[in-house]
Amino acid sequence: MNKNFYITTPIYYPSAKPHMGHAYSSIIADFFARFKRIDGFNVNFLTGTDEHGLKIQRAAEDKKIEPLKFCDEISQTFRDLSKTLNLTNTDFIRTTEKRHKLSVEALWKELKKNGEIYLSKYSGWYSVSDEAFYSDNEIEDFEGNKQAITSKSKVEWVDEESYFFRLSKWEKPLLDYYNNNPDFISPSSRKNEVISFVKSGLKDLSVSRKSFSWGIKVPDDKDHVIYVWLDALTNYLSAINYPNTDDSLYQKFWPANIHLIGKDILRFHAIYWPAFLLAAKIPLPKKVYGHGWILSGEEKMSKSKGNILDPIEIVNQYGIDPLRYYLIKEVSFGNDGNISQERLEDCINSDLANNFGNLCQRVTAFTIKNCDSKIPSQVRFENEDLKILDNFKLNLDLIRKKIDNQDINFYIDFIVNSLFEANKYFNDQEPWNKKEDLLRLNTIIYTTLEIVRKISFMLYPIIPESALKALKIFQINEKQIEFATLENHNYLKKNSNIKKIEILFKKIEKKND
Ligand code: MSP
């Protein structure tokens, strides 16, 4: 079995500071990366910044700063955000790096060599905000201007010499590919929109611009810069040292397992990117997953709409784990989701403080007082103990399968139910009334501790910091977290000491409580 796993986030435009939508893509990717790691995979997890193009050039001009200097500053805020969000990315790529430039040039040359690129003239609409070309039927009038129907971003007319990529030629091969690889575009609800777009006829794609300079120059024609999406998409390859296909990173990690993106950039990832790769005879990534949007009110959160919940402010106020948990649990994965501070606070109080934190505190306090601070050594499992323990064992492969289908909702529901069952078990079994029957008392405590261990392992990809704090009860460290051990009911070392831990989550006092 291939135990390598390559996951990518979109690379972010450093045109403004990071917002919740960016944090969302990254947190979800980190969830998968961490899960795969505890399931024994060697994980390459890539994120970074997309620094070329007219959008960035204009943003830098507005600030009267050199584009590279402008990017240096904002790219650093994205790098810092990775730390704030506790991401385990193994690389952070900037498209202004030399390794990336070499890779983009190599891909261009390959496409050119294969006869996939030709010189002509582009006359049509362009949105700088989306860095996308639009045809007449994708444009509408708005307050005297023209805008793209899907993104509502302003478009401008472009009339200039341009290199074109023979996208039209790949219409049929793409449709065949989607057909033969039904999971390539996920979730399946997004597949149809891509297929119908391709079926409506693909036109050759303009892949260079002449009227500005901030980008990677076309090899052998320095008057042109390479279209920023061709440049940006190549980051997935440049980070693993393409064109050096003998390189061990390339060997281990290409094709990528999943490009995780927002649904607004599906066209670039599910049409242009596979077409470029087919044309360059490079294997295609296994999956492109387009998640939904984080909404504030009913609108997409975005800078131009001024409705941004700042992830850094939220982390400063509540901590990173509550934010991670909230986004993963409350936004039904694949769909759009509304977020609010009110619901975040509810989540902290009910799920994290009451259900998880409290269970950890109760069972450790009880063990310290009644079991000499030791994991009980004499136990005899009864049916009710086995029932709750077996729930993990029996579902291990199912959970793996769900994760491979990006069914995060299943994963989190499993945890929420397990927490509910664990609290119920502890209350129903009433260990405090079993002081005359030490074997039973010990068995209940052992079982509850084992459940806390199992749930903490499962929570680790979602709330790593808190799960690790909880695992200090058993002196289990990060390296020892292995998903496969959830099969084992006798994992905890009998008779070893357990440790008191700090309060995991402080309850938020709500104004209307
Ligand atoms: N630079 C391109 C991606 C190039 S990938 C080769 C880009 N950058 S972006 O900064 O505008 O957006 C990055 C990601 O953030 C996209 O996947 C986008 O969907 C996501 N989000 C931006 N706003 C969002 C929300 N409000 N909600 C969820 N995600 C959204 O596009």
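Student: Where is Pro243 found?
Tutor: Pro243 sits in the loop between helix 8 (235-238) and helix 9 (248-253). Helices here are DSSP runs of H or I with at least four residues, strands are runs of E with at least two, and both are numbered from the N terminus. The model is predicted, so local features need pLDDT of at least 70, side-chain atom pairs count only at pLDDT 80 or more, and totals for chains, interfaces and linings use all residues. Residues are numbered from 1 along each chain as its sequence is written, and side-chain values use heavy atoms, with hydrogens and water left out.

Student: And the peptide bond from Tyr242 to Pro243, cis or trans?
Tutor: That bond is cis, with omega near 10 degrees. Most peptide bonds are trans.

Student: What about the bond from Ser186 to Pro187?
Tutor: The Ser186 to Pro187 bond is cis, with omega near -10 degrees. Pro187 lies in the loop between strand 9 (185-186) and helix 6 (188-199).

Student: Changing topic: what is the phi of Asn86?
Tutor: Asn86 has a positive phi of about 60 degrees, though it is not a glycine. Most residues other than glycine have a negative phi. Asn86 belongs to the loop between helix 3 (67-84) and strand 3 (91-94).

Student: Why does Asn86 count as partly exposed?
Tutor: Because its relative accessibility is 24%. Buried means under 20% relative accessible area, exposed over 50%, and partly exposed in between, using a 1.4 Å probe and protein chains only.

Student: And Ser373, what is its phi?
Tutor: Ser373 has a positive phi near 60 degrees and is not a glycine. Ser373 is in the loop between helix 13 (341-370) and helix 14 (383-404). At 21% relative accessibility, Ser373 is partly exposed.
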